[in-house]
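Subject: Structure handover

Hello,

I am passing on the structure below, with notes on what was found in it. Please read the notes alongside the sequence.

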Amino acid sequence: MLIILISKIIGRMITRSPCKEFDSMIWNEKAECMSRDEIEELQLNRLQDVVQRAFDHVPYYNQKFTALGLSPEDIQSLDDINKFPFTTKDDLREVYPFGMFAVPRKEIIEVHTSSGTTGKPVVSGYTKKDLELWSEVMARGLTMMDVNEDDIIQNTHGYGLFTGGFGVHYGAQKIGATVIPISTGQTRRQIEIMKDFQTTIMIFTPSYGLYLAEVAHEEGLTTEDTSLKAIGFGAEMWTSQMRKEIERRFGVKAQNIYGLTEIIGPGVAVECQEQRGLHVFEDHFYPEIIDPNSTQVLGADETGELVLTTLTREGMPIIRFRTKDITTLRYGRCGCGRSLVKMDRITGRSDDMLKVRGVAVFPSQIEKALLKIEGVQPHYQIIVNRPHLMDELEVRVETSPEIFSDEVKEMVGIKNKIEDYIQNEIGLKVKVNLVEPKSIPRSEGKAVRVIDNRELH
Ligand code: DLL
């Protein structure tokens with residue numbers, strides 16, 4: 001017994017990561033530099049625990065598992081997660097608003113919602129412990145950008161139901177940095193503040209970052225006028241050219257932040273200074289990659305849809321959430337010293353969700369808005385452009401022949417009404433153009449609803 005114990009300890013000492021050998025800053029060395037054996041042992045314990053909690057406290061999971069003849073005891077190894085069903089955005093919507101909570105509602109001290117679902121949004125509930133978890137993972141991520149107490153973080157993510165603003169805020173406060181909760185918009189003011197407050201860290205979506213850079217240039221701001229040290233960006237897809245442009249314009253590294261409302265918000269995975277993928281905080285979020293068509297689990301280095309299980313979330317445990325985001329997992333110790341698995345930047349979606357100015361939009365939401373208006377045909381096309389580095393959404397809509405030949409005044413009225421209805425549905429301003437009946441090309445297969453001219457892939 002003693003021999004086994006000693007050999008285990010020695011084994012640990014040998015496999016334990018010598019993070020200290022690396023000179024990058026690490027927020028939680030113990031969690032971020034574990035050996036693969038250690039992390040898997042921890043994940044298994046936590047997986048057993050979360051499946052039990054979901055089974056015991058969330059009727060939705062209890063019914064789903066019971067119907068499949070599954071019980072928490074079926075998790076004996078990490079691979080056993082494979083037996084359990086996936087959770088989708090639709091499943092979460094079905095139990096709107098609070099049906100996924102695993103604790104009494106009064107223990108939920110904050111809620112956020114995801115935009116971009118047809119019908120009801122997904123509600124994400126956080127207990128006090130969940131907010132601590134969120135702060136912890138975001139503190140780890142911001143530390144990858146070398147953030148410390150001396151830094152001034154200008155957080156341009158929206159504060160509100162969107163998770164971006166608060167997630168970054170909590171992480172920054174945990175570190176003890178100074179946060180400027182400026183939120184999105186007021187672009188000229190952003191630039192003034194960046195200069196006057198000598199912001200050291202900028203947080204934005206890549207598209208807003210490019211826009212900010214352009215306005216900064218117009219205002220005559222140069223990199224010498226700022227004290228920037230790093231940029232954290234995420235919430236939507238970007239290309240390597242976009243990153244290069246952002247880095248060139250601001251003169252500092254831009255690091256990728258990934259997350260989603262259903263799991264916690266930003267802070268599921270963040271990129272270190274090596275900039276070769278994002279470290280998934282896999283002691284809290286268990287990642288898998290599946291083939292989106294067959295749903296077969298794929299191996300390391302294979303590309304497919306990311307599936308996530310929350311291992312420690314108290315208020316709203318989620319088992320095997322299908323993110324629809326396409327990526328690849330890569331194991332092995334990183335040059336930064338961390339052993340946490342890395343995921344490639346997201347290169348696509350396995351559904352038709354678009355992110356427009358950071359907001360998730362589904363074509364079906366637009367269709368839903370159109371169906372509410374008389375005289376409007378459900379023949380439409382969504383065109384996404386980025387003319388001046390800001391996303392613009394145009395919706396071309398066919399009207400019925402009677403309406404199309406009517407007076408201009410009436411046409412304008414309908415156009416405005418459609419714009420209002422769509423804005424109400426998706427939360428974004430759109431430009432509607434009414435087009436002649438039958439002028440939108442009909443396709444023989446799947447209708448081409450979206451023309452995305454942003455070239456994000
Ligand atoms: O976008 C959370 C977030 C806020 C992440 C701020 C990073 C920074 P949702 O609005 O629920 O949450 O959207 C989640 O956005 O499934 C991806 O499709 C996309 N997404 C998020 N981060 C990235 C990223 C937030 N770094 C959805 N790269 C996800 C590409 C991203 N896509």
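By class, the shell around the ligand holds nine nonpolar, seven polar and four charged residues (nonpolar: Ala, Val, Leu, Ile, Met, Phe, Trp, Tyr, Cys and Pro; charged: Asp, Glu, Lys and Arg; polar: the others, Gly among them). This is a predicted model, in which local features need pLDDT of at least 70 and side-chain atom pairs count only at pLDDT 80 or more, while totals for chains, interfaces and linings use all residues. Residues are numbered from 1 along each chain as its sequence is written, and side-chain values use heavy atoms, without hydrogens and water.

Of the 20 residues around the ligand, Asn256, Ile257, Thr261, Asp325 and Lys355 come nearest (a residue counts as near if one of its heavy atoms lies within 4 Å). Strand β7 (253-260) and helix α7 (163-175) each supply at least two residues of this shell, and β7 gives the most, with five (helices, H or I of at least four residues, and strands, E of at least two, are DSSP runs numbered from the N terminus).

A polar side-chain atom of Thr261 lies 2.5 Å from a ligand oxygen atom. For Asn256, a polar side-chain atom is 2.7 Å from a ligand nitrogen atom. The protein covers 96% of the 610 Å² of accessible area that the ligand has on its own (Shrake-Rupley method, 1.4 Å probe).

Tyr61 touches Ala54, Thr87, Met100, Pro317, Ile318 and Ile319, leaving out residues up to four places away in sequence (contact: heavy atoms within 4.5 Å).

Regards

Definitions and conventions
Polar contact = N/O pair within 3.5 Å; in protein donor to acceptor, adjacent residues only side chain to side chain.
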